Amino acid sequence: MQLYNNLSAKERADLIEQAGKERLTISFYKYAKIGNTEIFRNHLFLAWDQLEVLGRIYVAHEGINAQLSIPAENFESFKNHLDTITFLEHVRLNIAIEHDNFAFLKLKVKVRQKIVADGLNDNTFDVTNKGVHVDAEKFNELIDDPNTVLVDMRNHYESEIGHFKNAITPDVDTFRESLDLIEEDLKDHKEDKNLVMYCTGGIRCEKASAYYKHKGFKNVFQLEGGIINYVRQIESNKLENKFIGKNFVFDERRSERISDDVIANCHQCGKPADLHTNCANEACHLLFIQCEDCKAQMENCCSTNCMEINRLPFEEQKALRKGQGNSNDIFKKGRADHLPFKKDLRNIFDTFSKT
């Protein structure tokens with residue numbers, strides 16, 4: 001019984017190319033009580049491996065968070081399998097706007113403590129007492145209301161390349177950091193403002209809305225299905241698009257373009273740019289924004305030091321890394337002292353703290 005991948009990313013990419021099948025990129029989540037997470041994980045792996053599912057799926061006692069791709073011809077079979085699982089029957093599937101057959105190259109189903117690292121003790125508040133879910137039309141109405149505070153629940157490197165107009169975009173590295181920051185900055189508006197939140201697919205807002213209601217916010221709303229679902233609704237219902245730029249996604253595509261606006265800048269030269277890349281030096285691997293000119297000049301590296309290291313033969317690079325451990329930058333997203341044009345998103349709450 002095979003419960004793990006036995007192909008490398010390159011081998012899988014070759015097979016995808018040879019198959020020539022169109023693949024769909026999909027994400028979904030569901031909070032539910034799962035008893036034996038290991039058994040559930042193994043069940044999913046066996047069933048989905050047969051359907052040629054590739055992706056990153058987290059399973060915890062609190063539910064499931066899935067980002068994956070699947071051959072379009074297997075989509076109905078995949079939905080049918082989900083419907084055999086009681087708490088996943090008719091679950092909302094967020095289907096990507098732009099598809100890439102190589103968005104995922106392995107099937108990884110992992111058991112985690114939580115499906116989103118929120119740092120919260122769920123026993124201290126009612127996680128089922130969530131905010132009001134709103135569709136794209138109601139969301140547009142709410143964010144046009146001067147009595148609304150619109151908050152982006154994503155991290156700085158996500159909102160930097162795209163966000164809703166007039167949204168508060170906290171300068172944070174992790175979801176857990178934003179929770180207390182937002183509460184503190186909006187503490188004087190718990191009763192007199194609409195707190196409206198959004199994220200990529202909705203999962204972060206699901207927990208955050210219950211947390212803020214527990215903290216005393218009276219009017220809490222969240223965008224149903226997140227940015228992904230919003231874009232589909234505005235297209236199908238011919239609504240005004242209030243999102244500018246690109247939507248960051250956590251697969252090989254890295255982003256989906258929602259509007260033609262380029263709101264970010266190359267972290268190296270400052271030119272308008274919104275394409276994230278990882279430094280080619282494997283010991284660094286820093287995620288940052290790089291324009292095409294800098295990409296060519298810097299050979300896809302974030303610094304001259306990384307460029308020089310990346311030019312060395314592979315064995316020499318390995319020797320340099322031996323005993324050194326990973327650079328701290330390998331875990332960073334667009335933060336490094338040598339990136340002079342990293343956009344600063346701090347103190348955007350000032351507008352509301354003065355009202």
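Colleague: Which residue just after α1 takes a positive phi?

Modeller: G20 does, with a phi of about 65 degrees. Please note that this is a predicted model, in which local features need pLDDT of at least 70 and side-chain atom pairs count only at pLDDT 80 or more, while totals for chains, interfaces and linings use all residues. Residues are numbered from 1 along each chain as its sequence is written, and side-chain values use heavy atoms, with hydrogens and water left out. Helices (H or I, at least four residues) and strands (E, at least two) are DSSP runs, numbered from the N terminus.

Colleague: Which residues of α1 are buried, and which are exposed on the face turned away from them?

Modeller: Buried means under 20% relative accessible area and exposed over 50%, with partly exposed in between (1.4 Å probe, protein chains only). In α1, which spans residues 9–19, the buried residues are R12, A13 and I16. They lie on the same side of α1, because the arc they cover around the axis is only 100 degrees; that arc is taken from the directions from the helix axis to the C-beta atoms. The face turned away from this buried side carries the exposed K10, E17 and Q18.

Colleague: What covers the buried residues of α1?

Modeller: Contact means heavy atoms within 4.5 Å. The cover includes the strands β1 (23–31) and β2 (54–60).

Colleague: How should I read the pairing of β1 and β2 with β3?

Modeller: Strands of a sheet pair through backbone hydrogen bonds, either parallel or antiparallel. Two strands are said to pair if DSSP finds at least two bridges between them. Here β1 and β3 run antiparallel and are joined by 9 bridges, with F28 opposite A66 in β3. The pairing of β2 with β3 is also antiparallel, over 7 bridges, and V59 has I64 in β3 as its bridge partner. These two strands, β2 and β3, form a hairpin with 2 residues between them. Strand β3 itself (residues 63–71) is mostly covered, 8 of its 9 residues being buried.

Colleague: At what angle do α6 and α7 pack, and how far apart are their axes?

Modeller: Two packed helices are described by the angle between their axes and the distance between the axes. Axes are lines fitted to C-alpha atoms, for helices over the stretch in contact, and angles run from 0 to 180 degrees between N-to-C directions. Helix α6 (residues 175–185) packs against helix α7 (residues 203–214) at about 35 degrees, with the axes 11 Å apart.

Colleague: Which residues of α6 and α7 meet?

Modeller: On the α6 side they are F175, S178, L179, D180, I182 and E183, and on the α7 side R204, A208, Y211 and Y212. This contact divides into 6 nonpolar, 1 polar and 3 charged residues, where Ala, Val, Leu, Ile, Met, Phe, Trp, Tyr, Cys and Pro count as nonpolar, Asp, Glu, Lys and Arg as charged, and the others, Gly among them, as polar.

Colleague: In what order do the strands of the sheet with β8 stand, and why is one side of β8 left without a neighbour?

Modeller: The 3 strands form an open antiparallel sheet in the order β8-β11-β12. Both β8 (162–164) and β12 (255–257) stand at the edges with a single partner strand each, so one side of each has no neighbour in the sheet. The twist from one strand to the next averages 40 degrees. Strand β11 (residues 243–248) is joined to β8 by 3 bridges, and F164 stands opposite F243 in β11. As for β11 and β12, 3 bridges join them, with N247 opposite E256 in β12.
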